[in-house]
Amino acid sequence: MDYVIAALVGCFVALGIYMLLSRSLIRMLLGIIVLGNGVNLLIFTAGRLTREIAPIVPRGLDTPAGAIANPLPQALILTAIVIGFAMFCFLLVLAYRTYQALDADNTDTMRVAEPEHAPNPPLSY
Amino acid sequence: MGPDIDASIALVAIAPFVAAALAPLIHRFTKPLSGWVLALVPAAIFVFLVTLIEPVLATGAIPARIGWVPAYGLDLSFFIDGLSLTFALTISGIGTLIVIYSGAYLAGHPHLGRFLAFLLAFMGAMLGLVLADNMLGLFVFWELTAITSFLLIGFDAVRAAARRGAIQALVITNIGGMALLAGVILVQQLTGTWELSELRGMEDAVRGHGLYGLVLACFIIAAFTKSAQFPLHFWLPNAMEAPTPVSAFLHSATMVQAGVYLLARATPWLGGTVAWTTILVCFGGVTLIWGALGSLRQTDLKQMLAQSTIASLGLLVLLIGLGTQTAIAGMVIYFVAHALYKAGLFMVVGAIDHEAGTREITALGGLSGKMPVTFAAAILAGLSMFGLPPAIAFFAKEEMYLNLLSPHWQDLSVLAVLIAGNALLAAVGALVVIKPFLGPAMPTPKSAHEASVGLLAGPVILGLAGIATALLVGWFGHTVLEPAATAILNEPVESHLTWAIDFTKPVVWLSVATWVLAGLVYRYATTIRTLLRRFETRLGWTADTVFDAVMFGLIRFSGSVTRVLHHGRLELYLVTVFSLMALALMVPLFALGGINALLPTAELGNWAAQLRWPHLAPYEWGVIILALAGLGAIVAAPNRLYSILALGVQGTAVALIFLLFGAPDLAFTQLMVEILSVVILALVMTRLNLDERDHRPFEDWARDGTLALVCGAGVSLLLMVVLSGTLDTRLSDFFIATSVPIAHGANIVNVILVDFRGFDTLGEISVLMAAGISIMVLLRSRRAPVAVGSPVPPAPIAPKIKPEPTQPARAAAAPSAKSTVKGRAKPAPKKPAPKKPAPKKPASEKQAPKSPSSVA
Amino acid sequence: MNTVIFRTIAPLIVSTMLVFSVYVCLRGHNEPGGGFIGGLIAASAIAVLGMASSAAEVRRALRFDPLSIAGFGVLLAGSSGMLSIFNGNPFLTSIWLYLDIAGSVVPLSTPMLFDIGVYLVVFGTLASVVLALESEDGENL
């Protein structure tokens, strides 16, 4: 089953990258979410999959009786999800403000920082 | 020597820096006298160094060592022998006078405090340079002199010429600095020591090694750039844009002599070979003649002195190259004499400039009556430059001519060059001393009058010193010449300086010949100048123009490179990034054989076993299909609402995968995040008027698709390779085993988050908080003051939008009502009218007055 | 979205979600849950309330600026780690206190305070973002 999920991770990454390469800001945002999910699944799968046994120690025991899911990737991913979401919010708002300021959601037309015909650097001291 | 002396010697190099740091503050309290007050620091250093003369004479050298970076075995080690003491005395002695002079020269200048700080910092660097024993320390101080001199040359930064001179000096001398670093490291590799004092006696390790040529080249480049040897001499005249005290200090007696010092220091283990002698003598000789002729070409007194300094540096390098006892003795005497008279003459010229308002030699004359003391100081210095007997320079000339009268053509040609160079320099000296003061009085921009004490103290004392050392020449030979020459040659040198001049010796007549030649040059100075200028115009280009061409070429080159790399098209940046990612994934997998782990081996059944196909339950297949369907729907969605919904679907599928594989925490979190994402996206999307579909031309579609597929396949394969290996579970096992016993928590994931890795989580929630603040700032900042009206900004707008970014920045920095109101009132008139007004403008105008804190 | 049904039911849903979020947060140490999830649930509750009424109303109901709540959360989490200094232990070493109240043992600990801090940060940050986006342009932010 690990290999099936691995293939699925590839699909997530491929789709995320495809969306990121779009020129529309909102599609790029969707791409970032998908790519983020893909990466989370990647970490999750790399820590090996264990079915349905949560990393929780049963009451009364000091250590779990049998094999349990690997808790380490889960801890990593948990914060990654939340921070990824905050990042997504930030990008969304940034895109929103950019849209308001530039009246454009196509990255090709956003050339304020790097204008198409930038002046040459000054030749003086 | 005990730790006391160690500390005091280190203090010599450090005290000027401390004084520099305090200089602006001190200047504030001692305004008219700050030059005199701050001169106490170099004066104290000078006095301290004088007390070291006796010990150095007795022991030969005083080492001092202070721990610097003990962990790396780096010590700040100093080393005082005859050579470094001579240089250090010159630096601190002349430095004292220069600080006094600067106080008078720049009296009332608003940045005098800063200037004195730079000057003192430079002095510290220079003292450190000549006292350093550790070669890395030498390098650090070497670079510090370059930086401080950059600050000093560019002190008057509002003038383009000053900026150019500063940059030129920095660039050229830093090339040398890099060469020095390379050379120093090479020497350490060859000999195994960083200490200059230990290198003596290791000459075989350096000279005999196959890399000797490289080491020699590195040191020679370093010395030639710093000491302005032809063809790297051109930065020195341009450095004369500095205020005159800087020229008098840096560009006569100290910084430019650093290269000479380096060569002298390296003589015992680097010198004495044919290559060394040939290179130094040839380049020194050319520099001597070139500089002297260049000096005659000038009419600006300061430029004349600058060019003559180049000539003198060439002379010193030539003498070091010769390397005989007499040549080295001549070099030491000439170094002292030159430092005394050149600094004095620079100060005299500064005084003339200060009082008369011009430095053009053709516009000056007859000042002797108005500035008698200045004239006297000039004569004292001029005697030295002319090399007349009551000045120490006379002996320098005698020494250098000595032993060159031999039947070898090399010696004779060197002698000819020396006589010609000395004659030309003497003529320049005569011109500088006589022309402005004698002859018919000329009208000057300012009505000239005698300079102040501060301006005159330096040249008078230096001039008198030049005479006094000559009168006490026996003592001078014993206390300065002998230890310094001994240090350079690493063999005992006897001074035979005496006033008993034997007129039967031919050397004396060589001096006379020099004077006669100088007189002739002086007589026909104007003609020579015209000829030289004609030659220069015929030549058409100078080293300066080459330098400019190189610099501008570099700027143009970097500009074009920047334009290629920063083309400003986001999707191409991303294509670059993901192409590299594809390479990084695929190359290790296929080229380096990473994929082998997955290939079916001898037992063919392996594939199926690895895939574990039947182990997936039907509901698990369902979840995977749900995820794939969500993904497909995002791309295929006919409008944005569908794509948001599809996003939710794939997110939910991910959450279900987490749930199925034993991660309920993750599943919950993922689910909540998906819900919130969909809500927020829906909130924002409804306000944007976006293109519904993805319009990609076919070739873009193909490119992006291929790239995405390659990356996706690469990640999949990589993950599969990882899965085929074994997992290191030590960390997880630790957490599982200790979660309940130590951390008293049954939910191991949560325990990791809040206890085991609590510090990480603290950082993460801080990031979350910061993201929240940034989002609020973005949202609360007033509607951006429409930077560009049209979707495609035409290039000419660029300058117009330049001043605008301050507005959002300010609004973003302080999103308070005050700035909102201010921001609203201010930009209205100066804002360029947008071609297409933003759609919701009135709404935001309405909002500002309603802001709760706007009443404040 | 402002149907009567939704507006009527919303407060009920929201109050349930908020209580549930606190429960999830507190039980997190031993059962699935924790500060991150609790905070997300509470933020969702705020989002629902914001849709049902208005952002301004929610803000009034919250009394504190959500971003200040987040700031307090960081402070709480950070200072819970500071407590161990009084023990002479390194930063963020946990301290446990078992209170015996009327027969049942109530464990109190610095990781719990830390988790509450996490809860507040997640809740405050996301709530402030959601509210800011929900509020119309003309409203006070």
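The model is predicted; chain B has a mean pLDDT of 80, and 87% of its residues reach 70 or more.

Student: Where is the pLDDT of chain B below 50?

Tutor: That applies over residues 784–856 of chain B. Beyond near neighbours in sequence, this stretch has 72 contacts in the model.

Student: Turning to the surface, which residues form the nonpolar patch?

Tutor: The patch consists of Val286(B), Trp290(B), Phe535(B), Leu539(B), Trp541(B), Val546(B), Val550(B) and Leu554(B). Together they have about 770 Å² of accessible area.

Student: Which helices each supply at least two of its residues?

Tutor: In chain B these are H15 (274–297), H24 (525–539) and H25 (543–565). H25(B) gives the most, with 3 residues.

Student: And Leu539(B), where is that found?

Tutor: Leu539(B) belongs to helix H24 of chain B. Its relative accessible area is 38%, so Leu539(B) counts as partly exposed.

Student: A change of topic: how many aromatic pairs are there over all chains?

Tutor: The count comes to 20. One of them joins Tyr101(B) and Tyr105(B), which are stacked at 5.8 Å centre to centre with 20 degrees between the planes.

Student: How many residues apart are Tyr101(B) and Tyr105(B) in the helix?

Tutor: They are 4 residues apart in helix H5 (residues 82–105) of chain B, so about one helical turn separates them.

Student: Which residues form an aromatic cluster?

Tutor: Phe87(B), Tyr261(B) and Phe335(B) form one.

Terms used: Residues are numbered from 1 along each chain as its sequence is written. Chains are lettered from A and ligands numbered from 1 in the order in which they are written. This is a predicted model: local features need pLDDT of at least 70, side-chain atom pairs count only at pLDDT 80 or more; totals for chains, interfaces and linings use all residues. Side-chain values use heavy atoms; hydrogens and water are left out. pLDDT is the predictor's confidence in each residue, from 0 to 100. Contact means heavy atoms within 4.5 Å. Patches are made of residues with over 30% relative accessible area and no salt bridge: like charges are joined within 9 Å, nonpolar side chains (Val, Leu, Ile, Met, Phe, Trp, Tyr) within 5 Å. Accessible areas come from the Shrake-Rupley method with a 1.4 Å probe; for residues, only the protein chains shown count as cover. A salt bridge is a side-chain nitrogen of Lys or Arg within 4 Å of a carboxyl oxygen of Asp or Glu. Buried means under 20% relative accessible area, exposed over 50%, partly exposed in between (1.4 Å probe, protein chains only). Rings of Phe, Tyr and Trp (its six-membered ring) pair if their centres lie within 6.5 Å; planes under 30 degrees apart count as stacked, over 60 as edge-to-face and the rest as tilted.
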